[in-house]
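This report concerns the structure shown below. It is intended to be read alongside the sequence and the coordinates.

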Amino acid sequence: MDQNEPDSPRRVEKRKNIEKLWRKGEARWRYEGEGESDHDFLLKKRSAPRKHPIVRPENERDALVVEMGGPSVLLLDGDEEIRARPRRSTTTGNPNSSLLAVGDRVRYVSAGEGDAVVTHVYPRKRVLLRTAVSDRGFADVIVANPDRIVVVAAATNELLKPGLIDRYLIASAMGGVDAFIVINKMDLVDDEDFSAVEEIADVYRDVGYTVLYTSCVTGEGIEELGNLLRDAISAFCGHSGVGKTSLLNRLVPSASGKTDTISVQSSRGTHTTTKSVLYALPNGGYIADTPGIREFGLYHFDPADLHTYYPEFVARADRCRFPSCTHTHEPDCAVIAAVAEGAIHPLRYRNYLQILDSEREER
Ligand SMILES: Nc1nc2c(ncn2[C@@H]2O[C@H](COP(=O)(O)OP(=O)(O)OP(=O)(O)O)[C@@H](O)[C@H]2O)c(=O)[nH]1
Ligand SMILES: [Mg+2]
Ligand SMILES: [Zn+2]
């Protein structure tokens, strides 16, 4: 039979199979925010590694992953944007975690017009991780190599969640990444509510974090935010609807990220972000927009270490009677005493107990 016969049954079958794989690939590669991971892909890759390299090293080029979603990823090589796909032969310096994430440095080869293959993923220097929903031993990478995490909350009752803020701060510290906090939608706050917002902001300021007030409606704090992000790779993280994409659109007007035009009446986010994208900032540096995550598990997290991510606890822990004090029930605990005296804010202590409880339950 003629190999080039376009409609031979074998070819049709083969094409169908490839289409099926692509469809599956799409499900695996799209970062859904609430659970999809590329774990299965990596497992398959490991169980059937390609024996012979398919590319010559001299044809490879370095690039930065700027967008996830679909079976392919978008790479930035200098000013050029390139769509590329990973293959089974793709090697990685990051075992037990997502094969690719925005912020990853990779090598790729061109495979003809509009097509390229990611050949290698470089080891990450820093990461923001959460545990994969399907497997706690596997790390979902939210952003690779960030210099800074911007934990975004909004100044409304349902979107100002100190428990979630704490989790993001802990995940940042575990990944070796600096973090600061943005409280957005300050235009919705009247004088009466302001003191409540200020109280929460002060809790974090007292511990040593920078807290910035912003509004995408009035423009409050946007310039200051831009200055804090300059010349670094940063990532917006936070609950769905707090305004991460809206902030991004203020900072990078050319991004035209998908968010409805701001109207005070519709404060419900209808254009939820489903994939992570890294944008170049006008004054240097990059900012990643990420899907809102309602909650996430802390990867490789030992509950006994939790207190080390609370600077105000660390400062007092050597005054506890027991060196292994968990600051929950022990006698002569300096942390519990400080909470009683008001030197540690009860909000932070409550978050600590809640995270401790939920992480112990998971085990
Ligand atoms: N009043 C007011 N509304 C805002 C502000 N910032 C964003 N919004 C609105 O809040 C809603 C959600 O904003 P998004 O930017 O989509 O929120 P997000 O954090 O990107 O949400 P996810 O993509 O789901 O994680 C939209 O309707 C925005 O118009 C603000 O500063 N003030
Ligand atoms: Mg968004
Ligand atoms: Zn103690």
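## Nonpolar core

The model is predicted. Its largest nonpolar core comprises 84 residues. The residues with the most contacts inside this core are Leu75, Leu128, Val151, Ala153, Ile183 and Cys237. In soluble globular proteins, nonpolar side chains tend to be buried together.

For Val151, when neighbours within four places in sequence are left aside, the contacts are Ile165, Tyr168, Leu169, Ala179, Ile181, Cys237 and Gly238.

Helix α6 spans residues 244-251. Six of its eight residues are buried, so the helix is largely enclosed by the rest of the structure. The buried residues are Lys244, Thr245, Ser246, Leu247, Leu248 and Asn249. They pack against the strands β8, β9 (178-184), β11 (233-237), β12 (277-280) and β13 (286-289), as well as against helix α5 (222-229).

## Two helix pairs

Two packed helices are described by the angle between their axes and the distance between the axes. For α5 and α6, the angle is about 85° and the axes lie 10 Å apart. Angles of 65 to 115 degrees count as roughly perpendicular, and α5 and α6 are therefore roughly perpendicular to each other. Ile222, Leu225 and Gly226 of α5 make the contact with Leu247, Arg250 and Leu251 of α6. By class, the residues of this contact are four nonpolar, one polar and one charged.

Helix α3 (residues 162-174) packs with helix α9 (residues 346-362) at an angle of about 70°, and their axes are 10 Å apart. These two helices, α3 and α9, are therefore also roughly perpendicular to each other. On the α3 side the contact involves Pro162, Gly163, Asp166 and Arg167, which meet Leu347, Asn351, Gln354 and Ile355 in α9. The contact of α3 with α9 contains three nonpolar, three polar and two charged residues.

## Residues with positive phi

Most residues other than glycine have a negative phi. Asn145, although not a glycine, has a positive phi of about 55°. Asn145 is located in the loop between β7 (139-144) and β8 (148-154). The cut-off for burial is 20 or more other C-beta atoms within 10 Å; Asn145 has 24 such neighbours inside 10 Å and therefore counts as buried.

His327 is also a residue other than glycine with a positive phi, near 60°. The loop between α7 (311-317) and α8 (334-341) contains His327. Because His327 has 25 C-beta neighbours inside 10 Å, His327 counts as buried.

Note on methods:
Residues numbered from 1 in each chain as written. Chains lettered and ligands numbered in written order. Predicted model: local features only at pLDDT ≥ 70, side-chain atom pairs only at ≥ 80, totals over all residues. Axes fitted to C-alpha atoms, helices over the stretch in contact; angles between N-to-C directions. Helix = DSSP H or I, 4+ residues; strand = E, 2+ residues; numbered from the N terminus. Parallel < 35°, antiparallel > 145°, perpendicular 65-115°, else oblique. Contact = placed C-beta atoms within 7 Å. Nonpolar A, V, L, I, M, F, W, Y, C, P; charged D, E, K, R; others polar. Buried ≥ 20, exposed ≤ 12 C-beta atoms within 10 Å, placed from the backbone. Core = buried A, V, L, I, M, F, W, Y, C linked by C-beta atoms within 7 Å.
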